[in-house]
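Let's take a friendly walk through this model together. Have the coordinates open as you read.

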Amino acid sequence: MIYSGGMGLGGIWLIILLVIVIALLVLIAVRLFTGPAQHWDRRMPPPTVPPMPGHPPGVPLDTPPSAQNRARDILDERLARGEITPEQYRELRRAIEEQ
C-alpha cells in the first residue's frame, strides 16, 4: 500500500463546499447591513412631518397659505394685541372678504 499523505478527492470537495458556505454567509451579511430599512422591515410607517404654522394638516408644505388667510391672521393678531378695536376689526375683516 502506498500512502500519499494527502487528503484525497473527498477532502478537496469538503474545502470547496466550505468556501462556498463562507462566501454565502459573507454575501448575506453584506446585504443585511447595507440595505435600506424598508428592505428588511416593511412594517415601518413612513415618516411624518408635523404641519407648519399657518398650514392646515394634510396640505403639502410647499403650498403657501392664501393672501386672504394671511391677512385675516394678521388682523386677528392685531385685535388680540389691542392695536385695533372690535369695530375696526369687523370693518377690516369685511374689506378683506370682499377682495
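Glu97 and Arg93 are about one helical turn apart because four residues separate them in helix 4. Arg93 is partly exposed as well, at 25% relative accessibility.

Keep in mind that this is a predicted model. Helix 4 (residues 86-98) has the highest mean pLDDT among the elements of the protein chain, 89, while helix 2 (residues 37-40) has the lowest, 51. Where pLDDT is low, the predicted coordinates should not be read in detail.

How many salt bridges does the structure hold? There are four.

Two of its pairs can be described one by one. Arg81 bridges to Glu77, with the closest N and O atoms 3.3 Å apart; both residues lie in helix 3, four residues from each other, or about one turn of the helix. Arg81 counts as exposed, since its relative accessibility is 53% and the cut-off is over 50%, whereas Glu77 is partly exposed at 37%. Glu83 pairs with Arg78, and here the closest N and O atoms are 3.2 Å apart. Glu83 is partly exposed at 44%, and so is Arg78, at 31%.

## The length of helix 3

## A nonpolar patch on the surface

Ile12, Trp13, Ile16, Ile20, Leu24 and Leu27 form a nonpolar surface patch, and together they have about 610 Å² of accessible area. One of them, Ile16, sits in helix 1 (residues 8-34). Ile16 counts as partly exposed because its relative accessibility is 39%.

## The chain as a whole

The protein chain has four helices and zero strands, in the order α-α-α-α along the sequence. Buried residues make up 7% of its 99 residues. The accessible surface comes to about 9100 Å², with 66% of it belonging to carbon and sulfur atoms.

Of the contacts with a separation of 6 or more, 16% join residues 24 or more positions apart. The mean pLDDT of the chain is 76, and 59% of its residues reach 70 or more.

Terms used. Residues numbered from 1 in each chain as written. Predicted model: local features only at pLDDT ≥ 70, side-chain atom pairs only at ≥ 80, totals over all residues. Heavy atoms only, no water. Patch = residues over 30% accessible without salt bridge, like charges linked within 9 Å, V, L, I, M, F, W, Y side chains within 5 Å. Areas by Shrake-Rupley, 256 points an atom, 1.4 Å probe, with all protein chains shown as cover. Salt bridge = Lys/Arg side-chain N within 4 Å of Asp/Glu carboxyl O. Helix = DSSP H or I, 4+ residues; strand = E, 2+ residues; numbered from the N terminus. Buried < 20%, exposed > 50% of the residue type's maximum accessible area, 1.4 Å probe, protein only. pLDDT = per-residue confidence, 0-100. Contact = heavy atoms within 4.5 Å.
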